[in-house]
Amino acid sequence: MCDCKKLGTDEQVRAFNLLLEANKEKSENVMETLQKTQNIFGYIPEETVKMIAEALKIAENKVYGIITFYSQFSLTPKAKYNIDVCLGTACFVLGAQEIFDKVLSKLGVRVGEMTKDGKWIVTSCRCLGCCGLAPAITINGEVYGKLKVEDVDKIIDSYAD
């Protein structure tokens with residue numbers, strides 16, 4: 001059982017412990033357990049992987065394998081807004097690197113780093129599947145295409161709370 005305060009709130013830790021107890025020795029419930037763990041914490045904290053493996057009586061590397069295979073799972077916290085900048089060939093040729101650099105500069109972060117307020121995280125991908133809109137980014141899945149560097153400020157500012 002987990003009694004780690006650093007994982008989250010008392011309520012989250014309690015919910016996680018109940019989840020582990022409900023799935024004790026039920027290796028067939030690994031996907032459901034991972035999904036519910038992610039729902040509880042917003043991601044799958046590294047510290048929980050070993051606990052899940054022990055509770056479900058499966059190998060820790062199998063749990064990691066599932067987490068890293070399926071894109072729905074994340075081992076890192078998610079921000080309120082997740083920006084994904086396409087660096088695929090079409091986007092790159094049409095200036096995606098400059099857009100990427102501008103996004104990072106505006107938010108004052110490095111790739112994969114969350115802003116101090118937990119509001120933004122910036123990643124890149126090789127293709128968003130919308131090459132006709134190159135260069136493109138997504139924010140929480142919403143596509144912004146045919147971008148110019150000067151569009152970045154306006155787009156990010158539109159998410160001001």
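Leaving out neighbours within four places in sequence, Ile139 touches Tyr81, Asn82, Ile83, Trp120, Tyr144, Ile155 and Tyr159. The model is predicted. Ile139 is among the residues with the most contacts inside the largest nonpolar core, and Ile139 also lines the largest cavity.

**Overall fold**

- The protein has 161 residues, of which 42% count as buried.
- Its secondary structure consists of 7 helices and 4 strands.
- Read from the N terminus, the order of elements is α-α-α-α-β-α-α-β-β-β-α.
- The C-alpha trace spans about 55 × 30 × 20 Å along the principal axes.
- When contacts between residues at least 6 apart in sequence are considered, 59% of them join residues at least 24 apart.

**Nonpolar cores**

- In soluble globular proteins, nonpolar side chains tend to be buried together.
- The largest nonpolar core of this model contains 27 residues.
- Ile83, Val103, Leu107, Trp120, Val122, Ile137 and Ile139 have the most contacts inside this core.
- Two or more residues each come from strand E1 (81-86), helix H6 (96-107), strand E2 (120-125), E3 and H7.
- H6 is the greatest contributor, giving 6 residues to this core.

**Largest cavity**

- The model has 1 cavity of 30 Å³ or more.
- The space in the largest cavity is about 30 Å³.
- Its lining is made up of Ile83, Val103, Ile137, Ile139, Val152, Ile155 and Ile156.
- Strand E3 (137-139) and helix H7 (151-157) are the elements that each give two or more residues to this lining.
- H7 gives the most, with 3 residues.
- The lining has 7 nonpolar residues, with no polar and no charged ones.
- Ile83, Val103, Ile137 and Ile139 belong to the cavity lining and are also among the residues with the most contacts inside the largest core.
- Ile155, another lining residue, is one of the contacts of Ile139.

**Aromatic pairs**

- The model holds 6 aromatic pairs.
- Phe69 and Tyr70 form an edge-to-face pair, because their ring centres are 4.9 Å apart and their planes lie at 85°.
- Tyr70 also pairs edge-to-face with Phe73, at 6.4 Å centre to centre and 90° between the planes.
- Phe69, Tyr70 and Phe73 form one aromatic cluster.

**Segment after H7**

- Ala160 lies in the segment after H7.
- Its relative accessibility is 58%, so Ala160 counts as exposed.
- Ala160 and Lys119 are separated by 41 residues in sequence, and their C-alpha atoms are 9.8 Å apart in space.

Key: Residues are numbered from 1 along each chain as its sequence is written. This is a predicted model: local features need pLDDT of at least 70, side-chain atom pairs count only at pLDDT 80 or more; totals for chains, interfaces and linings use all residues. Side-chain values use heavy atoms; hydrogens and water are left out. Rings of Phe, Tyr and Trp (its six-membered ring) pair if their centres lie within 6.5 Å; planes under 30 degrees apart count as stacked, over 60 as edge-to-face and the rest as tilted. On a 1 Å grid over the protein atoms alone, a cavity is a set of points where a 1.4 Å probe fits but cannot get out, and a pocket is an open set with protein on both sides within 12 Å along at least five of seven lines; lining residues have an atom within 4 Å of a point. Grid points are joined across faces, edges and corners, and a volume is the space filled by probe spheres set on the points. Ala, Val, Leu, Ile, Met, Phe, Trp, Tyr, Cys and Pro count as nonpolar, Asp, Glu, Lys and Arg as charged, and the others, Gly among them, as polar. A nonpolar core is a set of buried Ala, Val, Leu, Ile, Met, Phe, Trp, Tyr and Cys residues joined through side-chain atoms within 4.5 Å. Buried means under 20% relative accessible area, exposed over 50%, partly exposed in between (1.4 Å probe, protein chains only). Contact means heavy atoms within 4.5 Å.
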